Amino acid sequence: MDPRVPAITDRLGGTTGLRWFRAPGRVNLIGDHTDYHDGLVLPLAVDRDCVVAARTRDDGRVTVRSVEVAGEVDVPADGSDEPAAVEPAWGRLVAGVVRALAGAGRPPVGVEVALSSTVPVGSGLSSSAALEVSIALALADAAGFALPATELARACQRGEHLGTSVPSGVMDQLVALLGRASHALLIDCRTLAAEPIALPDALVVLVMHSGLPRTLAGSAYADRRAEGERVAARLGVAALRDALLDAVGEEPRARHVVTENQRVLQFADALRADDAAGLGSLLLASHASLRDDYEVSTPELDLAVELLVEHGAIGARVTGAGFGGCVVALVARAQVRAVASETVARYRAETGLDARAFEVRAVDGAGPLTAPVDA
Ligand code: ADP
Ligand code: MG
């Protein structure tokens, strides 16, 4: 049995009438800061997830407790509470999703929820989308309300905007829903088409947390997005996705988006061709572009990338929003333990930061869990 189950049922006063759901975190292999420019991304859903249990309640309230974070969220199921003002603060994501689903037509059925997540918070593995999507599944189920995955992802994204005011893209929610075991997902963030691409057996996806909390990510993120949108408007295109390299060659921010979209397609080809050398150089080119053109890296993240490669990773790059958080690397399976331990030791010695590295596996996207209590 999942060790989180007793802690969850405890908070719900027993197992009667519970329905269970899970949604995974994700790591993005390549394609960062492209999703909100209608571009391409290549993430995988990882074996860290948010598990929720829910039962309906008849007073029209949505209440949520978290095993990891204190406080009880309590909002009306019709979404009429202002999400950005909800306390405790983590409940803003919940309230945002409640409002977004109400707006999409969900009947205001009350529900009592408890959750527990193994996705590290604020690291770039999207604990937020894991929470939003798992709650959204529970809310939809309780009200007998169904939405296609792409619309559910959009509703969760809208919920995050309502709760946090950070204008994040749709990648996290979509891969949390549509991830596939042993595969990465090539997502077109304009059409929301998602194509699973098999990951080579011989390679391991290694995530290294820099030990640096993400700072300034919200405001810098919004600035980057606005900057790109201004360039797109000037060029007369709908989004930077449509800009040609020639038109943005002198503009580092836009250049990152255009070249990163190309790298995502090349990376997908290299995966299909089992071309490890190609994968490695594309990861490094992506990191250089995020560092120099998009300027979302930090000296510590740069060092982590350098040390990973020095100790044998075939390539590495900052992943997620940047400004701290995690680096992702591809490593030959036989070498992964040595690469992880040697890199972390060197990095700790040089920075004094509490870094850690862990392997992630690609898993299936979110869905119901069948009777975990009896498992
Ligand atoms: P990331 O998505 O990269 O982990 P974010 O800042 O986008 O970082 O989301 C983290 C937020 O998600 C937390 O501040 C909290 O509001 C919410 N969250 C994630 N996991 C949990 C949890 N287990 N319990 C309560 N809130 C959580
Ligand atoms: Mg997030």
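Predicted model: local features only at pLDDT ≥ 70, side-chain atom pairs only at ≥ 80, totals over all residues.
View 1. Helices (H or I, at least four residues) and strands (E, at least two) are DSSP runs, numbered from the N terminus.

**View 2. Polar contacts to ligand 1.** Look for pairs of N or O atoms within 3.5 Å. A ligand nitrogen is 2.7 Å from an N or O atom in the Ser66 side chain. One ligand oxygen atom sits 2.8 Å from a polar backbone atom of Gly122, and for the side chain of Ser128 the distance from a ligand oxygen to an N or O atom is 2.9 Å. On its own, ligand 1 has 560 Å² of accessible area (Shrake-Rupley, 1.4 Å probe), and the protein covers 80% of that.

**View 3. The Tyr36 and Tyr221 rings.** There is one aromatic pair, counting rings of Phe, Tyr and Trp (its six-membered ring) with centres within 6.5 Å. The ring centres of Tyr36 and Tyr221 are 5.1 Å apart with planes at 50°, so this pair is tilted; under 30 degrees would be stacked and over 60 edge-to-face. Tyr36 is in the loop between β1 (19-30) and β2 (40-57) while Tyr221 is in α6 (residues 217-235), so the pair ties together parts 185 residues apart in sequence.

View 4. Most residues other than glycine have a negative phi, and most peptide bonds are trans. Glu87 and Pro88, though, are joined by a cis peptide bond, omega about -5°. Pro88 is in the loop between β4 (72-76) and α2 (91-103). Ser165 has a positive phi, near 65°, and is found in the loop between α4 (149-164) and α5 (171-178).

**Notes.** Residues are numbered from 1 along each chain as its sequence is written, and chains are lettered from A and ligands numbered from 1 in the order written. Local features need pLDDT of at least 70 and side-chain atom pairs 80 or more, while totals for chains, interfaces and linings use all residues; side-chain values use heavy atoms, leaving out hydrogens and water.

Conventions
Polar contact = N/O pair within 3.5 Å; in protein donor to acceptor, adjacent residues only side chain to side chain.
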